[in-house]
Amino acid sequence: MATTTTMPSRRSPAIEQGAGRRDPYAVSATRAVLNETQKGLWLLWGHRAVVLPEIITFVAFYPFLQFIIGNGRIERSLVTSTLLPFLTIPILYLAILKLVGDLLEEVNSGTFEQMHLSPFSPASLLVGRLLALLLEGVLIAAVIGVGMTWALGVGIPLRPAGLLPAALTLIDIAAFALLIGGLALALPQIGGIAHLVSGLIFLLNGAFIPLAWYPGWLQTLANVLPTTLGIAVTRRVVLDGQPLAAVWGDGTLPWLIGYTILLSALGWLVFMRNDRRAMQQGKLG
Amino acid sequence: MFEPRRGDGPGTSRPPDPESAIRPGVRPLAFELTALSKAYERGKGPPVRAVEGISLSAPAGQVVGLLGPNGAGKTTTIKMMCGLVTPTSGRVRLNGYDVARQRPMAVRQVGAVLEGARNVYWSLSAWQNLLYFGRLRGLTRRQIAPRAEYLLRSLDVWERRSQTVGGFSRGMQQKVAIAAALITDPPILLLDEPTLGLDVQTARTVKDWIAQLAHEQGKTIVLTTHQLAFAQELCDRIAIIHQGRLLTDLPVHALLARFRQDTYEIRLGSPLDPGAAPWLDGFSVTQENGGSSIRGPIADQDRLYDLLAQLRAQHLPLLAVEPVEPSLEEVFVQVLKEG
């Protein structure tokens, strides 16, 4: 299209409106983080033709898995113990695999470099991006949860006390995704590693078969993986009806909180370190 | 017209720094590179020295062309300027802000369109891209909306603002990338190969736009390009780098003048057979409209008089003798040769 462009000789509007006033750093940083979330949701909507089959696959996968494990029928007793862990799987998969995929694509397309022209920390911006992925995962988990409890006649009681361990589990997932995202900036083979780790978590967090069925050493390994501990506490509060004081008193909840803080710090540090390294090596784009 | 901000908005006031203090009558420096070097560590081999000790600065409102062959270090320099690559040594200041020490303020001074990159999200619309990049850099929707409309209208993208950028032509995509870089109205714009892959008309549109940004809006623009005619037309100053080193940094007219005295054109009123004139070795001879012209390097006055004497001896009618303004391309080749 042949066009002749001339720029009108007038002051640019944004400058006049922006003059003389700037929001406090915390406000504009929060806005930038939420901006990432909004962009993530825009991109999801833009890719809805891909997201819809994703939802259908995840929703269909759980009864199919139970059908296989149950030797041709769905065991209600198994559903009770595996449904809750399974709900974390779409959240975990989307957060880790999509984040890594998006990051690598952004490095290739140059938008990751543009993100670094922001005055705000790239790790905090990535948290905003993770929020969008968590929202998508939670939406899928909700569809599976509601669908399965309705279809299979298995109830998951809604206890407000369960929100705390559930939220900590989500933070664990986000922190772990940040860690893997940080590794993606340094390791070219991260795609394979991310799939391997996600698969390992899926096998060991109790979504596949109850954790108690595994040998002791494997249970110990499972407990250092993200989601396992959070699921265990959530299950005790939601399914067994134990009060938060009980899981606090026996040290399970403090351990979960400590684990979450540690994993968050580790994810943040690894991302920041590898991000700085990528800047030193000229590999942001 | 618009002047780079000194007190507010994305390009904010300079930090108190005696080194960058504004003296009366002296235009403040928009950017300042001091002994900038970058060596990339590559496995067990020796580090690759991409940039070595480049010092370069420019006052506000100039278009600076950063030229050099492939692998000269242009892109690394541009990326160090906006903080995307960490220098091994040296310092970058943007509007007085040190990129290493005052990064949040320094990056507010700059917008960048980088080579070989999309720079914007192809899955989002042009409008969504501008909203996103504006907020990413700290603006509110209220500040972004009128600015985005202004930019998209100016670049003839307004009618297609709701369409995804992936469906645009290469030229339209580049326009959106430039608009995104300008959404905060930064005083400094870094353009790495801004016309790469664009057709002639779109390249001219982009060129006109860059000229207006600098000369009417007072923005400082640093651009890299391999299109030397484009650089000659657009730039106020040219910096040529080769193998990471700065070979020259001069205003365009001064750079061209530096090589002007060596080349002359002698026009004659009759045709000239170069085969019959062995003393014209090293000169180009063109025939046109019954006359001819001789063009080539003449190192000094003696050589010029010798040539004229030869022409006189052949009874060739002399029409004119003129020093020839070399093209930037010729100067570029010459500078690299002298390198």
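Begin in chain B of this predicted model by selecting helix 3 (residues 126-136) and helix 4 (residues 141-154) of chain B, which pack at an angle of about 135° with their axes 9 Å apart. Because angles over 145 degrees are needed for a roughly antiparallel pair, this value makes helix 3 of chain B oblique to helix 4 of chain B. The crossing of helix 3 of chain B over helix 4 of chain B is right-handed.

Next, display the side chains at this contact. From helix 3 of chain B, select A126(B), W127(B), L130(B), L131(B), G134(B) and R135(B); from helix 4 of chain B, select R141(B), I144(B), A148(B), L151(B) and L152(B). Coloured by class, the residues of this contact comprise eight nonpolar, one polar and two charged.

**The six-stranded sheet of chain B**

Now turn to the open sheet of six strands in chain B, whose order is 6-7-8-3-9-10 and whose pairing is mixed. Which strands stand at the edges? Select strand 6 (110-113) and strand 10 (245-251) of chain B: each has a single partner strand, so one side of each is left without a neighbour in the sheet. From one strand to the next, the twist averages 15°.

Within this sheet, select strand 3 (residues 63-67) and strand 8 (residues 220-224) of chain B, which are paired in the parallel sense over four bridges.

Helix 1 (residues 74-81) of chain B lies across strand 3, strand 7 (188-192), strand 8 and strand 9 (237-242) of chain B, and runs at about 150° to strand 8 of chain B. Helix 5 (residues 170-182) of chain B also packs on the sheet, where it touches strand 6 and strand 7 of chain B. The direction of helix 5 of chain B makes about 165° with that of strand 6 of chain B.

Proceed to strand 13 (residues 291-297) of chain B. Strand 11 (residues 263-268) of chain B runs antiparallel to strand 13 of chain B and is joined to it by six bridges; here Y264(B) has G296(B) as its bridge partner.

Strand 12 (residues 284-288) of chain B is likewise paired with strand 13 of chain B in the antiparallel sense, over five bridges. To follow this pairing, select V285(B) with its bridge partner I294(B), then E288(B) with its bridge partner G291(B). Strand 12 and strand 13 of chain B form a hairpin with two residues between them. What is the phi of N289(B) in the turn? N289(B) has a positive phi of about 50°.

**A helix pair in chain A**

Finally, move to chain A and select helix 7 (residues 163-184) and helix 12 (residues 252-281) of chain A, which pack at an angle of about 25° with their axes 8 Å apart. That angle makes helix 7 of chain A roughly parallel to helix 12 of chain A, and their crossing is left-handed. Residues to display include L168(A), I171(A), D172(A) and F176(A) of helix 7 of chain A, and L256(A), L263(A), W268(A) and F271(A) of helix 12 of chain A. The contact as a whole has 15 nonpolar, six polar and one charged residues.

How values were computed. Residues numbered from 1 in each chain as written. Chains lettered and ligands numbered in written order. Predicted model: local features only at pLDDT ≥ 70, side-chain atom pairs only at ≥ 80, totals over all residues. Pairing = 2+ DSSP bridges. Axes fitted to C-alpha atoms, helices over the stretch in contact; angles between N-to-C directions. Contact = placed C-beta atoms within 7 Å. Parallel < 35°, antiparallel > 145°, perpendicular 65-115°, else oblique. Left-handed = near helix turned anticlockwise from the far one by under 90°. Nonpolar A, V, L, I, M, F, W, Y, C, P; charged D, E, K, R; others polar.
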